[in-house]
Amino acid sequence: MVIPIIVSIIIISSIIEILVIYQLSKSRQSKRKEYIESLGYKYIGSDKEFESSVLKGVVKTNPVLRWLSVRINHVFTYEDTEEKRFYFEMYVSNRYYSQKYFCMLLKDITLSIPTSQFSIVPRGFLKVFIPKEDAFLRQFIIKPKHAVDNLPYDLKEQLIRFSSVGIMYKDKELLISKAYSHKELPIEALKLCEEVYQHIKTSLQVH
């Protein structure tokens with residue numbers, strides 16, 4: 001008699017806990033939507049089709065994410081522009097590591113660079129030990145390697161100032177990602193992505 005009562009209590013407690021977590025999640029989602037839209041963006045939220053498209057597309061050019069689990073959350077857009085811009089959080093993790101990124105995705109973008117895809121990814125903490133004469137190569141991993149030869153010097157010089165920002169380009173989609181520090185506001189990270197895009201736009205003649 002005692003065991004069924006204990007089991008019932010455990011089940012009821014678990015259900016209550018799940019409901020509380022669900023309500024808290026809904027409340028946070030609502031506040032996030034309200035905050036984002038107060039800044040002039042249109043909040044979309046979760047979009048599985050969009051997530052699948054990004055994960056199977058431009059994200060795959062990032063060599064650092066190859067062995068990590070990647071999730072996309074809180075998609076929103078900015079409608080007062082001719083460009084197709086999307087913003088979102090990207091959470092990457094494995095058993096020993098996790099990192100959040102704030103991302104800016106531009107669709108139907110053609111860059112004046114003779115390659116259909118490339119990535120510029122910040123190096124890790126061991127970058128100081130890389131025996132390279134080129135300061136840009138000390139800061140970033142470039143895939144494919146020859147893409148670095150087609151990047152204008154002024155762009156490389158500007159990107160060195162953004163050592164935590166990664167750039168991926170594939171199938172006319174340009175993804176700019178900023179590793180999130182808990183010391184900064186999400187909107188600050190997104191503004192940094194937009195600033196990087198302005199340098200790319202100026203140097204690579206975006207069409």
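Leaving aside its neighbours within four places in sequence, which residues is I120 in contact with? In this predicted model, the contacts of I120 are F136, F140, I141, I142, L151, L159, V165, G166 and I167. The sections below describe the elements around such contacts.

## Overall make-up

The protein has 207 residues, and 39% of them are buried. Its secondary structure consists of five helices and eight strands. Read from the N terminus, the elements follow the order α-β-α-β-β-β-β-α-β-α-β-β-α.

Contacts can also be sorted by how far apart the two residues are in sequence. Of the contacts between residues at least 6 apart in sequence, 58% join residues at least 24 apart.

## Confidence

The average pLDDT of the protein is 79, and 75% of the residues reach at least 70. Among the elements, β7 has the highest mean pLDDT, 93, while helix α1 (residues 2-38) has the lowest, 54.

Over residues 16-26 the pLDDT stays under 50, and the model shows zero contacts beyond four places in sequence for them. Where pLDDT is low, the predicted coordinates should not be read in detail.

## The sheet

The eight strands form an open sheet with antiparallel pairing, in the order β1-β2-β3-β4-β8-β7-β5-β6. At its edges are β1 (42-45) and β6 (140-143), each of which pairs on one side only. Neighbouring strands are turned against each other by 20° on average, direction ignored. Strands of a sheet pair through backbone hydrogen bonds, either parallel or antiparallel.

β1 and β2 are antiparallel and share three bridges; G45 has V75 in β2 as its bridge partner. β2 and β3 also run antiparallel, joined by seven bridges, and S69 stands opposite S93 in β3. Strands β7 (residues 165-170) and β8 (residues 173-179) pair in the antiparallel sense over six bridges. In that pairing, K170 has E173 in β8 as its bridge partner.

## Helices on the sheet

Helix α2 (residues 48-56) lies across β2 (69-77), β3 (84-93), β4 (98-107) and β7. The angle between α2 and β2 is about 125°. Helix α5 (residues 186-204) packs on the sheet as well, where it touches β2, β3, β4, β7 and β8. The direction of α5 makes about 135° with that of β8.

## Aromatic pairs

The whole structure contains six aromatic pairs. One of them joins F50 and F88: the ring centres are 5.6 Å apart and the planes stand at 75°, so this pair is edge-to-face, given that planes over 60 degrees apart count as such. F50 belongs to helix α2 and F88 to strand β3, so the pair ties together parts that are 38 residues apart in sequence. Both F50 and F88 are buried. Ring pairs link F50, F86 and F88 into a cluster.

The rings of F136 and F140 give another kind of geometry. Their centres are 5.0 Å apart and their planes are at 40°, so the pair is tilted. F136 and F140 are buried too.

## Nonpolar cores

The largest nonpolar core holds 36 residues, and L111, I120, L174 and I200 have the most contacts inside it. At least two residues of this core come from each of β4, β5 (117-122), β6, α4, β7, β8 and α5. Helix α5 gives the most, with eight residues. Apart from this core lies another one of 19 residues, including I72, F86, V92 and M168. In soluble globular proteins, nonpolar side chains tend to be buried together.

## A buried lysine

Is K156 buried or exposed? K156 has a relative accessible area of 14%, and because buried means under 20%, this residue counts as buried. K156 sits in helix α4 (residues 153-159).

Apart from neighbours within four places in sequence, K156 is in contact with D134, F136, V148 and L151. K156 and L137 are 19 residues apart in sequence, and their C-alpha atoms are 9.5 Å apart in space. Two of the residues named here, F136 and L151, are also among the contacts of I120.

How values were computed. Residues numbered from 1 in each chain as written. Predicted model: local features only at pLDDT ≥ 70, side-chain atom pairs only at ≥ 80, totals over all residues. Heavy atoms only, no water. Pairing = 2+ DSSP bridges. Helix = DSSP H or I, 4+ residues; strand = E, 2+ residues; numbered from the N terminus. Axes fitted to C-alpha atoms, helices over the stretch in contact; angles between N-to-C directions. Contact = heavy atoms within 4.5 Å. pLDDT = per-residue confidence, 0-100. Phe/Tyr/Trp six-rings, centres within 6.5 Å; stacked < 30°, edge-to-face > 60°. Buried < 20%, exposed > 50% of the residue type's maximum accessible area, 1.4 Å probe, protein only. Core = buried A, V, L, I, M, F, W, Y, C linked by side-chain atoms within 4.5 Å.
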